[in-house]
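Work through the two exercises below.

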2 protein chains.
Amino acid sequence: MGNGLAPTLTPRKSPRQDRSIATVDAIFEATIQVLLSDGPTRLTTTRVAHRAGVSVGTLYQYFPNKQALLFAVLEQHLSTLAEAVENACRDNQGANIETIAAGVVKAYLAARMAQSEISPALYLVAMELDARALIEAATRRSEQAIEALLFGASDGRFNDPYVIAQTLTAVIFGTVPAFCMRVMPHAASVEAEKQLTLMFSGYLAASCKAA
Amino acid sequence: MGNGLAPTLTPRKSPRQDRSIATVDAIFEATIQVLLSDGPTRLTTTRVAHRAGVSVGTLYQYFPNKQALLFAVLEQHLSTLAEAVENACRDNQGANIETIAAGVVKAYLAARMAQSEISPALYLVAMELDARALIEAATRRSEQAIEALLFGASDGRFNDPYVIAQTLTAVIFGTVPAFCMRVMPHAASVEAEKQLTLMFSGYLAASCKAA
DNA sequence: GATATATATGAAGCATTATTCAGCTTTTGG
DNA sequence: CCAAAAGCTGAATAATGCTTCATATATATC
């Protein structure tokens, strides 16, 4: 499914004046807005430009093509999620299993909720462009952060922290979208956090005994 | 993101002769083939028709539009996954927690692997058309099957089997795609099954004690 | 074999949309 | 204030692709 030719995804020109910096920001913002209000399939370059209050030509001055636009938005989104996990891991260094599980779930869920509207649209984008590299990068950041966290757990040692980190990452990155896709009453979101925490701490405890 | 006007998704005409039944089958198959080889964005009605060995006009005789085509394929795919879970649940009636966890994970993973190539493409499709109803239906089938299974578990009672069923469903339907998205060496798939089983049985055991 | 019904064809119409470019306006630096 | 550079415009281009329909072929029925 590789798209054969790989058109440049890097900016065509960097903004030099304040005016153009504002323009690029506006285009970036508008991309998100259109994604939300009109959906990924109805996102056209003209529409984005119009929403940003500029003309199409301007858009193409800074982004070589439509994909580059979406790529940039996706990159930021994934980075935000990975960062949330990293921060949670840093904050829970040396904690016990229970706390670790709760912390990681809570952090990811919060980050995801903050961007809950845009996420589904971006997953669509992620498949259209070949974004495997971006996803891989975000996944790896999460895995490494969790692995490091496990090494310092106060409760016990794990004989294969990397496998555990991989599993936890796959589950949170995978499950939460599934939860989000359904229209979720606020109460359900609290319940989801509780259940996932329970599941994670149970898993960690089990993996610990085995060591 | 609702698409405003809801164009008919039901067949425009039902095949009466053997010849046309074969045609419809060929179109359906071709849709899957094109999805796999060319990806969702390069799936055009003309291409599907050509792959099926018929002309575009013929395609439009049985499917009112492109969406209807994709809708049909998606429906079948989701139904297959839900059925896999249902069967696994039926087969494990009255088993203990350990067996239940292993059975459900194994069944879903197997069904998913069997269609691993087509799945990512379909998740893309699922967002483009408004397929929430279909996903909802498949999810509910899984939830109900698991709930029934939990009621009959030999190990113990759960005070809120529905919440547990919901959580397990979200995790398997959500996580496995995440696993699949990465290029997975076969060994990793075995490992994934093991880890998920461990996680599920831990979760069930924990939910049991609480009851 | 003749008529009616079902099925198949694919070029043409129509709409959408990514992308370019020649000319215009604004800002910068002297 | 004035050139040069940076930024902006939006109609025109070109490509793509969904859908229709007038026509042709195959099958069923009597």
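A polar contact is a pair of N or O atoms within 3.5 Å; within protein, one must be able to donate a hydrogen and the other to accept it, and residues adjacent in sequence count only if both atoms are side-chain atoms. The model is predicted: local features need pLDDT of at least 70, side-chain atom pairs count only at pLDDT 80 or more, and totals for chains, interfaces and linings use all residues. Residues are numbered from 1 along each chain, chains are lettered from A in the order written, and side-chain values use heavy atoms, without hydrogens and water.

**Exercise 1.** Find which side chains reach a phosphate oxygen of DNA strand D, among them that of T58(A).

*Solution.* 
- Go to chain B. For Y60(B), the distance to a phosphate oxygen is 2.6 Å.
- Now place the surface. α3(A) gives the most residues, four (helices are DSSP runs of H or I, at least four residues).

**Exercise 2.** Describe the interface of chain B and chain A.

*Solution.* 
- Count contacts (heavy atoms within 4.5 Å). Here 43 residues of chain B meet 42 of chain A.
- Take the buried area, the accessible area (1.4 Å probe) lost on being put together, summed over both parts. The value is about 3,300 Å², 71% of it on carbon and sulfur atoms.
- Check polar contacts. The rule finds two residue pairs across the interface, both at pLDDT 80 or more.
- Locate the main contributor on chain B. α8(B) gives the largest share, 11 residues.

Methods:
Buried area is the accessible area (1.4 Å probe) that two parts lose on being put together, summed over both. Helices (H or I, at least four residues) and strands (E, at least two) are DSSP runs, numbered from the N terminus.
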